[in-house]
Amino acid sequence: MTPPELNDLPIRDDLRGLSPYGAPQLDVPVRLNTNENPYHPPDALVADLAQAVAAAATTLNRYPDREARELRDALAAYLGHGLTGDQLWAANGSNEVLQQVLQAFGGPGRRAMGFEPSYAMYRLYSLATATGWVAADAEPDYTFTEGHMVAAVERERPDVVFVTRPNNPTGSSVALGVVRAIYEAAPGMVVVDEAYQEFSAERSALELLPGRPRLIVSRTMSKAFALAGGRVGYLAADPVVVDALRLVRLPYHLSSLTQAAALAALRHSDATLADVKRLIDERERVSSGLRALGLTVVPSDSNFLLYGRFPDQSAVWQRLLERGVLVRDVHVAGWLRVTIGLPHENDTFLAAMAAVDRG
Ligand SMILES: *Cc1c(COP(=O)(O)O)cnc(C)c1O
């Protein structure tokens, strides 16, 4: 008997023929492809986290705090801006947070919009929640201007609009005034994805929250916080937005172990964020190194660089891989994205870039 194929199942028509999304997880010496913090969590945090998880383990027979109150209070304290725990929401990565946003505010007959090139997952949350997806293009130089973005929002009138600042994969930011203008123009929810905010010189959109109940600012512990494996993302918004998310979240979605780990990570945020400064310095060094090779680098406010241009970026990606360096082909023609790694990894990357055939 031949094994069944996906198409033999009564799967949703809109999922037929699709393949799962994800960056290649390859075991190579230098992995600069998923924008993690290359520094492992500080030793003091690891010890504290192990203790906290052991303590949480003694009550694993019970369901976790469904409201993750202690964690949300701690996240509010970390963010500042006078926020309180009832304005915070947390889930398993900002991926889950953002999917919950579309479960509550998107859905059949509704549309979400983003500005591309951007984070590929927005399109996939839309798919998963049967929300229509509309993409507007960035400017040809990959900058995002107020006139352009506001015009797109006015034209499409989406139910949810995603604004990524700093943007992935370009690394460039969107000024706060532009976010304000998009909010004024948008009829629905405005989600500002600040996954890389700790690396950015721009002010956070958190300061725009008062008086703007349709505004959501999402963050993650996966990047600057060096906790990608812990799966914790969160958002700040009006408490009424959090009420909406409670309608769609699965009960007990955030495990006791995850909550304990995230609280431990927050207790050590000063130590973790000290590494962020080093990464910003490295970003400037790698950027200069690439320019010295005659390449173009999009100005970055994050922990990665979009650089090019190549007649065939996939071929260059492959040649780097052959030298043990994994970067990201984000399928933006002519460009590759590199995450800033440890200084010696960045040296290896720059040496490989200098050596490979770029034709
Ligand atoms: C990495 C990233 C996220 C974070 O995803 P997690 O689920 O929190 O790991 C969110 N948005 C953007 C733009 C990202 O690049």
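**View 1. Thr164 and the residues it touches.** Skip the neighbours within four places in sequence, and Thr164 is in contact (heavy atoms within 4.5 Å) with Ser118, Tyr122, Val174 and Asp193. This is a predicted model, where local features need pLDDT of at least 70, side-chain atom pairs count only at pLDDT 80 or more, and totals for chains, interfaces and linings use all residues. Residues are numbered from 1 along each chain as its sequence is written, and side-chain values use heavy atoms, with hydrogens and water left out. Two of the contacts with Thr164 are also polar contacts between side chains: 3.1 Å to Ser118 and 2.9 Å to Tyr122. A polar contact here is a pair of N or O atoms within 3.5 Å; within protein, one must be able to donate a hydrogen and the other to accept it, and residues adjacent in sequence count only if both atoms are side-chain atoms. Thr164 belongs to strand 5, residues 160-164. Strands (E, at least two residues) and helices (H or I, at least four) are DSSP runs numbered from the N terminus. With a relative accessible area of 7%, Thr164 is buried; that label means under 20%, with exposed over 50% and partly exposed in between, using a 1.4 Å probe and protein chains only.

View 2. Strand 2 pairs with strand 8 (residues 233-237) in the antiparallel sense over 4 bridges, and pairing calls for at least two DSSP bridges between the strands. Look for Ala90, whose bridge partner in strand 8 is Tyr234.

View 3. Tally up the aromatic pairs and you get 9. Tyr196 and Phe304 make an edge-to-face pair, 4.9 Å centre to centre with 75° between the planes. Tyr196 sits in the loop between strand 6 (189-193) and strand 7 (215-220) and Phe304 in strand 10 (residues 304-308), so this pair ties together parts that are 108 residues apart in sequence. Both Tyr196 and Phe304 are buried. The rule: rings of Phe, Tyr and Trp (its six-membered ring) pair if their centres lie within 6.5 Å, and planes under 30 degrees apart count as stacked, over 60 as edge-to-face and the rest as tilted. Phe304 also has the charged end of Arg337 over its ring, 5.6 Å from the centre. To count, NZ of Lys or CZ of Arg must be within 6 Å of the ring centre and within 35 degrees of the ring normal. Elsewhere, Tyr119, Tyr122, Tyr125 and Phe162 form one aromatic cluster.

View 4. Glu116 and Pro117 are joined by a cis peptide bond, omega about 5°, with Pro117 in the loop between strand 3 and helix 4 (121-128). Another cis bond links Asn168 to Pro169, omega about 20°. Asn35 is not a glycine, yet its phi is positive at about 60°.
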